[in-house]
Amino acid sequence: VYVADSLPGVVWSAAYDLDTGHAHGWAPVITEFDGLPDGLCVDSEGCLWVAIWNGAQVRCFAPSGEPLATVSLPAPQVTAVAFVGAARDQLLITTARDQLDEPTRATYPDSGRLFLAHVDAVGLACSLWRTRHESTGWVRASGPGSGSSPKTDPATAHPGDSTPETG
């Protein structure tokens, strides 16, 4: 499992135990950004795609943390990324416009919009996960077969540079 910890500017990784639902062995994977790491997703090759708040970009990193590709955006506050489309080969990117002063909004009028980037990568298929309430034992499932996500087939690709489209 990966977590973007924005304020210290670190992406952490940990092993996730499917039986217990606990993560352990936390370690920093990426510690240097031109901005703050925000949302992230993982492609079928294990590469991390990280939205960079105040960086106007999404960066792709190898599982080792080595930078591989950049998607530049006309908005500084990049908030989240997700692979979308039937083949999961398009990167949906969200941005924000709050906390921008008027001169910055004028410089970046597309702030707050969604962007779609065609990248040389394919996202992971959704997988089933469970949460368990400690006191009641209540379990909730999400993912394929639970009605919350479509079932898709895995595919492979390699990351590369791309140009986003606005949406």
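How much accessible surface does the chain have, and what share of it belongs to carbon and sulfur atoms? The accessible surface comes to about 9,200 Å² (Shrake-Rupley method, 1.4 Å probe), and 53% of this area belongs to carbon and sulfur atoms. Do keep in mind that this is a predicted model, where local features need pLDDT of at least 70, side-chain atom pairs count only at pLDDT 80 or more, and totals for chains, interfaces and linings use all residues. Residues are numbered from 1 along each chain as its sequence is written, and side-chain values use heavy atoms, with hydrogens and water left out.

**The chain as a whole**
- You will find one helix and 13 strands here, taken as DSSP runs (helices H or I, at least four residues; strands E, at least two) and numbered from the N terminus.
- Along the sequence, these elements follow the pattern β-β-β-β-β-β-β-β-β-α-β-β-β-β.
- Of the 167 residues, 35% count as buried, meaning under 20% relative accessible area with a 1.4 Å probe, protein chains only.
- Among contacts (heavy atoms within 4.5 Å) with a separation of 6 or more, 46% come from residues 24 or more positions apart.

**A four-stranded sheet**
- Strands pair through backbone hydrogen bonds, either parallel or antiparallel.
- An open, antiparallel sheet has the order S4-S5-S6-S7; two strands pair if DSSP finds at least two bridges between them.
- Strand S4 (36-42) and strand S7 (67-72) each have a single partner strand, so one side of each lacks a neighbour in the sheet.

**Where S6 meets S7**
- Strand S6 (residues 57-61) runs antiparallel to S7, and five bridges join them.
- Arg59 has Thr70 in S7 as its bridge partner.

Conventions: Buried < 20%, exposed > 50% of the residue type's maximum accessible area, 1.4 Å probe, protein only.
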